[in-house]
Amino acid sequence: MNTNHQRTALITGANKGIGKEIARKLAQKGFAVFIGSRDMAKGRETSEELCREGYEATCIQIDVTDPVSIKNAFGTLSQKASHLDVLVNNAAVLEDHGEDIIKLNVEMLERTFAANVAGPILVTQDALPYLLKAPHGARIINVSSGAGALNDMQTYAPAYSISKTALNAVTRQFSAALQDKNVAVNCVDPGWVRTDMGGSNATRSVEKGAETIVWLATDAPQTETGKFWHDKQEVEW
Ligand SMILES: NC(=O)c1ccc[n+]([C@@H]2O[C@H](COP(=O)([O-])OP(=O)(O)OC[C@H]3O[C@@H](n4cnc5c(N)ncnc54)[C@H](OP(=O)(O)O)[C@@H]3O)[C@@H](O)[C@H]2O)c1
(Lines give C-alpha, C1' and ligand atoms only; values in the text may rest on other atoms or scores of the structure.)
Protein backbone atom coordinates (compact mmCIF):
# COMPACT_ATOMS: atom_id res chain seq x y z
CA MET A 1 0.00 0.00 0.00
CA ASN A 2 1.47 3.36 -1.03
CA THR A 3 -0.83 5.94 0.45
CA ASN A 4 1.06 9.16 -0.30
CA HIS A 5 -1.72 10.42 -2.59
CA GLN A 6 -4.65 8.70 -0.95
CA ARG A 7 -6.88 9.47 2.03
CA THR A 8 -6.08 7.17 4.95
CA ALA A 9 -8.00 6.11 8.05
CA LEU A 10 -7.17 4.08 11.14
CA ILE A 11 -10.08 2.51 13.00
CA THR A 12 -9.41 0.79 16.32
CA GLY A 13 -11.39 -2.36 17.12
CA ALA A 14 -12.21 -2.75 13.42
CA ASN A 15 -12.15 -6.55 13.26
CA LYS A 16 -15.89 -6.74 13.95
CA GLY A 17 -19.04 -4.83 14.80
CA ILE A 18 -19.44 -1.10 14.17
CA GLY A 19 -15.68 -0.64 13.62
CA LYS A 20 -15.65 -3.14 10.76
CA GLU A 21 -18.59 -1.40 9.11
CA ILE A 22 -16.88 2.02 9.47
CA ALA A 23 -13.80 0.53 7.77
CA ARG A 24 -15.87 -0.93 4.92
CA LYS A 25 -17.75 2.34 4.31
CA LEU A 26 -14.56 4.44 4.35
CA ALA A 27 -12.87 1.95 2.00
CA GLN A 28 -15.87 2.25 -0.34
CA LYS A 29 -15.27 6.01 -0.35
CA GLY A 30 -11.70 5.46 -1.54
CA PHE A 31 -9.79 5.52 1.73
CA ALA A 32 -6.86 3.21 2.35
CA VAL A 33 -8.02 1.77 5.67
CA PHE A 34 -5.96 0.43 8.54
CA ILE A 35 -7.90 -2.23 10.41
CA GLY A 36 -6.85 -1.87 14.04
CA SER A 37 -7.26 -5.15 15.89
CA ARG A 38 -5.77 -6.43 19.15
CA ASP A 39 -5.88 -9.95 17.67
CA MET A 40 -3.81 -10.10 14.48
CA ALA A 41 -5.61 -13.19 13.12
CA LYS A 42 -9.07 -11.61 13.50
CA GLY A 43 -7.86 -8.32 12.03
CA ARG A 44 -6.28 -10.09 9.06
CA GLU A 45 -9.54 -11.92 8.37
CA THR A 46 -11.29 -8.54 8.10
CA SER A 47 -8.59 -6.84 6.02
CA GLU A 48 -8.48 -9.83 3.64
CA GLU A 49 -12.28 -9.76 3.33
CA LEU A 50 -12.15 -6.07 2.35
CA CYS A 51 -9.26 -6.65 -0.06
CA ARG A 52 -11.25 -9.46 -1.75
CA GLU A 53 -14.07 -6.92 -2.19
CA GLY A 54 -11.56 -4.73 -4.07
CA TYR A 55 -10.69 -2.23 -1.31
CA GLU A 56 -7.36 -1.16 0.18
CA ALA A 57 -7.14 -2.50 3.71
CA THR A 58 -4.20 -3.39 5.94
CA CYS A 59 -4.38 -4.98 9.37
CA ILE A 60 -2.47 -3.32 12.21
CA GLN A 61 -2.11 -5.03 15.57
CA ILE A 62 -3.12 -2.53 18.26
CA ASP A 63 -4.23 -3.17 21.82
CA VAL A 64 -5.36 0.23 23.04
CA THR A 65 -4.60 -0.68 26.67
CA ASP A 66 -0.93 -1.38 25.87
CA PRO A 67 1.33 1.64 25.18
CA VAL A 68 3.99 -0.59 23.56
CA SER A 69 1.42 -2.09 21.19
CA ILE A 70 0.25 1.43 20.27
CA LYS A 71 3.84 2.60 19.58
CA ASN A 72 4.50 -0.50 17.45
CA ALA A 73 1.24 0.04 15.56
CA PHE A 74 2.32 3.53 14.47
CA GLY A 75 5.76 2.14 13.58
CA THR A 76 3.99 -0.25 11.20
CA LEU A 77 1.67 2.47 9.89
CA SER A 78 4.63 4.76 9.14
CA GLN A 79 6.05 2.14 6.76
CA LYS A 80 2.85 2.26 4.71
CA ALA A 81 1.52 5.81 5.01
CA SER A 82 3.05 9.26 5.33
CA HIS A 83 -0.07 10.77 6.88
CA LEU A 84 -3.44 9.97 8.45
CA ASP A 85 -6.61 11.84 7.47
CA VAL A 86 -8.98 10.10 9.88
CA LEU A 87 -8.66 8.38 13.25
CA VAL A 88 -11.69 6.57 14.69
CA ASN A 89 -11.31 5.62 18.36
CA ASN A 90 -13.89 2.84 18.25
CA ALA A 91 -12.45 0.01 20.40
CA ALA A 92 -14.15 -0.32 23.77
CA VAL A 93 -15.30 -2.80 26.39
CA LEU A 94 -18.56 -3.15 28.29
CA GLU A 95 -18.00 -5.37 31.31
CA ASP A 96 -20.81 -4.16 33.60
CA HIS A 97 -23.34 -6.95 33.67
CA GLY A 98 -26.05 -5.94 36.10
CA GLU A 99 -23.49 -3.99 38.10
CA ASP A 100 -24.60 -1.36 40.55
CA ILE A 101 -22.56 1.77 41.45
CA ILE A 102 -23.08 1.00 45.15
CA LYS A 103 -21.09 -2.24 44.83
CA LEU A 104 -18.99 -1.31 41.81
CA ASN A 105 -15.89 -3.45 41.36
CA VAL A 106 -13.01 -0.97 41.11
CA GLU A 107 -10.75 -3.35 39.16
CA MET A 108 -13.46 -3.63 36.53
CA LEU A 109 -13.78 0.17 36.52
CA GLU A 110 -10.01 0.48 35.96
CA ARG A 111 -10.06 -2.04 33.08
CA THR A 112 -12.96 -0.17 31.51
CA PHE A 113 -11.20 3.19 31.84
CA ALA A 114 -7.97 1.73 30.43
CA ALA A 115 -9.73 0.66 27.21
CA ASN A 116 -12.41 3.34 26.85
CA VAL A 117 -10.65 6.48 28.10
CA ALA A 118 -6.85 6.12 28.44
CA GLY A 119 -6.77 4.06 25.20
CA PRO A 120 -8.23 6.81 22.99
CA ILE A 121 -5.94 9.40 24.65
CA LEU A 122 -2.78 7.34 24.02
CA VAL A 123 -3.80 6.41 20.46
CA THR A 124 -4.60 10.05 19.64
CA GLN A 125 -1.29 11.25 21.08
CA ASP A 126 0.69 8.79 18.94
CA ALA A 127 -1.49 9.44 15.86
CA LEU A 128 -0.98 13.22 16.00
CA PRO A 129 2.27 13.47 13.99
CA TYR A 130 0.50 11.65 11.13
CA LEU A 131 -2.79 13.56 11.50
CA LEU A 132 -0.94 16.89 11.39
CA LYS A 133 0.52 15.89 8.00
CA ALA A 134 -2.93 15.37 6.43
CA PRO A 135 -3.00 17.71 3.44
CA HIS A 136 -6.57 18.97 3.94
CA GLY A 137 -6.95 18.80 7.72
CA ALA A 138 -7.66 15.74 9.82
CA ARG A 139 -10.63 14.34 11.70
CA ILE A 140 -10.81 12.35 14.92
CA ILE A 141 -14.05 10.61 15.85
CA ASN A 142 -14.46 9.10 19.30
CA VAL A 143 -17.18 6.45 19.42
CA SER A 144 -19.10 7.29 22.58
CA SER A 145 -22.59 6.25 23.71
CA GLY A 146 -25.92 7.68 24.80
CA ALA A 147 -25.08 5.92 28.08
CA GLY A 148 -22.41 8.59 28.61
CA ALA A 149 -24.81 11.52 28.28
CA LEU A 150 -25.00 13.27 31.66
CA ASN A 151 -28.37 14.84 30.86
CA ASP A 152 -29.99 11.38 30.85
CA MET A 153 -27.69 9.44 33.23
CA GLN A 154 -29.46 6.77 35.27
CA THR A 155 -28.11 3.55 36.80
CA TYR A 156 -27.25 1.63 33.58
CA ALA A 157 -23.75 0.04 33.49
CA PRO A 158 -21.95 2.57 35.71
CA ALA A 159 -18.34 1.80 34.76
CA TYR A 160 -19.12 1.84 31.03
CA SER A 161 -21.39 4.90 31.25
CA ILE A 162 -18.91 6.93 33.31
CA SER A 163 -16.11 5.94 30.89
CA LYS A 164 -18.12 7.30 27.96
CA THR A 165 -18.83 10.56 29.85
CA ALA A 166 -15.06 10.81 30.35
CA LEU A 167 -14.49 10.07 26.65
CA ASN A 168 -16.78 13.00 25.84
CA ALA A 169 -14.56 15.17 28.04
CA VAL A 170 -11.50 13.80 26.24
CA THR A 171 -13.16 14.89 22.99
CA ARG A 172 -13.60 18.46 24.25
CA GLN A 173 -10.01 18.62 25.51
CA PHE A 174 -8.47 17.45 22.22
CA SER A 175 -10.85 19.62 20.20
CA ALA A 176 -9.73 22.72 22.10
CA ALA A 177 -6.05 21.73 21.96
CA LEU A 178 -6.16 21.14 18.20
CA GLN A 179 -8.59 23.80 16.99
CA ASP A 180 -5.81 25.94 15.49
CA LYS A 181 -4.26 22.94 13.78
CA ASN A 182 -7.14 22.01 11.46
CA VAL A 183 -7.89 18.78 13.33
CA ALA A 184 -11.62 18.35 14.05
CA VAL A 185 -12.45 16.19 17.07
CA ASN A 186 -15.99 14.95 17.70
CA CYS A 187 -17.78 12.14 19.51
CA VAL A 188 -20.78 10.08 18.44
CA ASP A 189 -23.58 8.09 20.03
CA PRO A 190 -24.25 5.38 17.42
CA GLY A 191 -27.50 4.25 19.09
CA TRP A 192 -28.29 0.68 20.15
CA VAL A 193 -26.64 -1.51 17.53
CA ARG A 194 -26.78 -5.27 16.84
CA THR A 195 -23.19 -6.36 17.59
CA ASP A 196 -21.55 -8.62 20.17
CA MET A 197 -21.70 -5.65 22.54
CA GLY A 198 -25.22 -4.47 21.70
CA GLY A 199 -26.76 -7.96 21.47
CA SER A 200 -29.27 -9.36 19.01
CA ASN A 201 -32.27 -7.41 20.38
CA ALA A 202 -30.72 -4.05 19.54
CA THR A 203 -32.80 -1.84 17.28
CA ARG A 204 -30.13 -0.75 14.79
CA SER A 205 -28.01 -2.35 12.06
CA VAL A 206 -24.24 -1.80 11.95
CA GLU A 207 -24.84 0.27 8.80
CA LYS A 208 -27.02 2.71 10.76
CA GLY A 209 -24.58 2.67 13.71
CA ALA A 210 -21.67 3.59 11.43
CA GLU A 211 -23.52 6.25 9.42
CA THR A 212 -22.87 9.39 11.50
CA ILE A 213 -19.28 8.36 12.25
CA VAL A 214 -18.54 7.97 8.52
CA TRP A 215 -20.26 11.31 7.82
CA LEU A 216 -18.06 13.07 10.39
CA ALA A 217 -15.02 11.38 8.86
CA THR A 218 -15.88 12.61 5.36
CA ASP A 219 -18.76 14.92 4.41
CA ALA A 220 -19.42 16.91 7.62
CA PRO A 221 -17.95 20.44 7.53
CA GLN A 222 -14.33 20.41 8.74
CA THR A 223 -15.26 23.34 11.02
CA GLU A 224 -17.52 21.14 13.16
CA THR A 225 -15.48 20.22 16.23
CA GLY A 226 -15.91 19.58 19.96
CA LYS A 227 -19.48 18.29 19.61
CA PHE A 228 -21.51 15.21 20.56
CA TRP A 229 -23.53 13.76 17.66
CA HIS A 230 -26.37 11.30 17.07
CA ASP A 231 -27.93 10.71 13.66
CA LYS A 232 -25.99 13.68 12.19
CA GLN A 233 -27.51 16.06 14.78
CA GLU A 234 -25.70 17.70 17.66
CA VAL A 235 -27.02 16.33 20.98
CA GLU A 236 -26.77 17.39 24.64
CA TRP A 237 -23.81 16.20 26.72
N1 LIG B 1 -23.41 -1.85 20.04
C2 LIG B 1 -24.03 -0.84 20.66
O3 LIG B 1 -25.26 -0.88 20.92
C4 LIG B 1 -23.28 0.39 21.05
C5 LIG B 1 -24.01 1.47 21.59
C6 LIG B 1 -23.33 2.64 21.94
C7 LIG B 1 -21.97 2.74 21.72
N8 LIG B 1 -21.28 1.68 21.20
C9 LIG B 1 -19.83 1.85 20.99
O10 LIG B 1 -19.49 1.49 19.67
C11 LIG B 1 -18.13 1.02 19.62
C12 LIG B 1 -18.09 -0.31 18.91
O13 LIG B 1 -18.88 -1.22 19.63
P14 LIG B 1 -19.47 -2.58 19.01
O15 LIG B 1 -20.88 -2.63 19.38
O16 LIG B 1 -19.03 -2.73 17.59
O17 LIG B 1 -18.70 -3.63 19.95
P18 LIG B 1 -18.02 -5.05 19.67
O19 LIG B 1 -18.70 -5.75 18.56
O20 LIG B 1 -17.90 -5.68 21.00
O21 LIG B 1 -16.57 -4.62 19.14
C22 LIG B 1 -15.67 -3.99 20.02
C23 LIG B 1 -14.31 -3.94 19.33
O24 LIG B 1 -13.38 -3.33 20.24
C25 LIG B 1 -12.25 -4.18 20.31
N26 LIG B 1 -11.51 -4.01 21.57
C27 LIG B 1 -11.92 -4.16 22.85
N28 LIG B 1 -10.91 -3.94 23.69
C29 LIG B 1 -9.84 -3.61 22.94
C30 LIG B 1 -8.49 -3.27 23.22
N31 LIG B 1 -8.02 -3.24 24.47
N32 LIG B 1 -7.67 -2.98 22.19
C33 LIG B 1 -8.13 -3.02 20.92
N34 LIG B 1 -9.36 -3.37 20.58
C35 LIG B 1 -10.20 -3.66 21.59
C36 LIG B 1 -12.81 -5.59 20.16
O37 LIG B 1 -11.76 -6.52 19.87
P38 LIG B 1 -11.94 -8.12 20.10
O39 LIG B 1 -12.72 -8.65 18.92
O40 LIG B 1 -10.54 -8.61 20.16
O41 LIG B 1 -12.69 -8.29 21.41
C42 LIG B 1 -13.75 -5.34 19.00
O43 LIG B 1 -13.04 -5.27 17.79
C44 LIG B 1 -17.68 0.98 21.07
O45 LIG B 1 -16.96 2.16 21.38
C46 LIG B 1 -18.97 0.95 21.86
O47 LIG B 1 -18.84 1.43 23.17
C48 LIG B 1 -21.90 0.52 20.86
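Select R24 and E21 to begin: both belong to helix α1 (residues 17-28), where they are three residues apart, about one turn of the helix. Helices here are DSSP runs of H or I with at least four residues, strands are runs of E with at least two, and both are numbered from the N terminus. The model is a predicted one, in which local features need pLDDT of at least 70 and side-chain atom pairs count only at pLDDT 80 or more, while totals for chains, interfaces and linings use all residues. Residues are numbered from 1 along each chain as its sequence is written, and side-chain values use heavy atoms, with hydrogens and water left out.

R24 and E21 form a salt bridge, their closest N and O atoms being 3.9 Å apart; the term denotes a side-chain nitrogen of Lys or Arg within 4 Å of a carboxyl oxygen of Asp or Glu. Both R24 and E21 are buried (under 20% relative accessible area; exposed is over 50%, partly exposed in between, with a 1.4 Å probe and protein chains only). Over the whole structure, a search finds 13 salt bridges.

Next, select K208 and E211 in helix α6 (residues 206-217), again three residues apart, about one turn of the helix. Their salt bridge has its closest N and O atoms 2.8 Å apart. K208 is partly exposed at 33% relative accessible area, and E211 is partly exposed at 32%.

Proceed to K227, whose salt bridge with E234 has a closest N and O separation of 4.0 Å. K227 is partly exposed, at 22% relative accessibility.

Now centre the view on H83, in the loop between α3 (67-80) and β4 (86-89). Is H83 buried or exposed? H83 counts as buried because its relative accessible area is 4%. Which side chain does the side chain of H83 join in a polar contact? The partner is D85, at 2.9 Å; a polar contact is a pair of N or O atoms within 3.5 Å, where within protein one must be able to donate a hydrogen and the other to accept it, and residues adjacent in sequence count only if both atoms are side-chain atoms. The H83 side chain also reaches the backbone oxygen of Q6, at 3.2 Å.
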